[in-house]
Amino acid sequence: MTTRSGPLRLAGHTLGTPQYSAVDAIGLFAQAGLDGAELIWQDGYLSAIPETDNAGLLADIRRASAETGLPVVGLTPYMTGINSLDESERTRDVERFARCIEDAAALGAGVVRVYAGAYSPDQLDQRPQLWERLVRSLGELAPVAGEHGVVLAVENHFNTMTVSAQETIQLIEAVQSPAVEILYDQANLTFTHNEDFAQAIELQRGHIAHVHAKDLTFVDPDRPFSASAVANVTGEERAVRSRVIGDGEMDWGAIVAALLAEGYDGVISLEYEYRWHPQDLPDPLEGFARGADKLREYLALAEAR
């Protein structure tokens, strides 16, 4: 594998390494020819950093990062209560985010992924109050992130308050902090039938701090999206199948070209969904290596234009 020498880097995401420890996942990402690692921050998952009592693991991760030359570029927590109408739940998840920010800073990671709370269409009458709590929570966390040199990247994600690119940019504009930006995930926008890549990148222009990349094929492209959870879509709910980047229906060549045209020079993290859908995908080493090679091919073509 060859490693890209320019500013835009490719990272592996430990969503794709459920059978590896976080330390071993960094080694796998190096073997696959990637440039960095995005690590899940969650209790009870082998390929993650637990939320507490993790000082020893953080030290081990720093050593693995130094030995492989792969920086930790971001942490991915799973808190969804920052828009809760239950003040104790909201405060608890704000405090958990603050700990995650501190761990990110300790690892030199510049980004922490943010779910924009939890939300479903049957909560429409409560949306203003939920939105107010969400904006308040991010307003409380922004100074913490800024102090630690970390950006909170709000993801385009189903069953949150930022399912669409339009909702995501509205939230960024409501919070108005350079420490709160956007995690652009076109696959999520695609299978929830929201904006195409040209619309999404235009709407979110100047605020994309991180990118997740994955590929898919539709089983039924006309089926309305529905999911019962925030983190993943269950088997019976799925209208798509996960694929290695380049093997699916996502036009990553055009997406990469559009990102470069907008001046994006951050990280594209391969969010390989082996944790949720291993039946769809080859072994992580193969999937990450092939996906990285394909993205580098698209980058080279975009830069040659």
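**Ground rules.** I worked from a predicted model, so I took local features only at pLDDT of at least 70 and side-chain atom pairs only at pLDDT 80 or more, while totals for chains, interfaces and linings use all residues. Residues are numbered from 1 along each chain as its sequence is written, and side-chain values use heavy atoms, with hydrogens and water left out.

**Entry 1: α4 and α5.** I looked up how helix α4 (residues 127-147) packs on helix α5 (residues 165-175), and found an angle of about 55° with the axes 9 Å apart. Helices here are DSSP runs of H or I with at least four residues, strands are runs of E with at least two, and both are numbered from the N terminus. Axes are lines fitted to C-alpha atoms, for helices over the stretch in contact, and angles run from 0 to 180 degrees between N-to-C directions. The two helices are therefore oblique to each other (under 35 degrees is roughly parallel, over 145 roughly antiparallel, 65 to 115 roughly perpendicular, and the rest oblique).

I then checked which residues meet (contact means heavy atoms within 4.5 Å). From α4 I noted Arg-127, Trp-131, Leu-134, Val-135, Leu-138 and Gly-139; they meet Glu-167, Gln-170, Leu-171, Ala-174 and Val-175 of α5. This contact has seven nonpolar, two polar and two charged residues (Ala, Val, Leu, Ile, Met, Phe, Trp, Tyr, Cys and Pro count as nonpolar, Asp, Glu, Lys and Arg as charged, the others, Gly among them, as polar).

**Entry 2: cavities.** On a 1 Å grid over the protein atoms alone, a cavity is a set of points where a 1.4 Å probe fits but cannot get out; a pocket is an open set with protein on both sides within 12 Å along at least five of seven lines, and lining residues have an atom within 4 Å of a point. Searching the whole structure, I got two cavities of 30 Å³ or more. The largest holds about 300 Å³, and among its 31 lining residues Phe-158, Phe-191, Val-233, Glu-273 and His-277 lie nearest its centre. Its lining splits into 14 nonpolar, seven polar and ten charged residues.

The second largest cavity holds about 90 Å³. Here β10 and α9 (284-304) each supply at least two lining residues.

Entry 3: I put the largest pocket at about 240 Å³. Tyr-119, Ser-120, Pro-121, Asn-159 and Val-163 are the closest to its centre of 13 lining residues. The second largest pocket is about 190 Å³, with His-207, Tyr-264 and Asp-265 among its lining residues.

How values were computed
Points joined across faces, edges and corners; volume = space filled by probe spheres on them.
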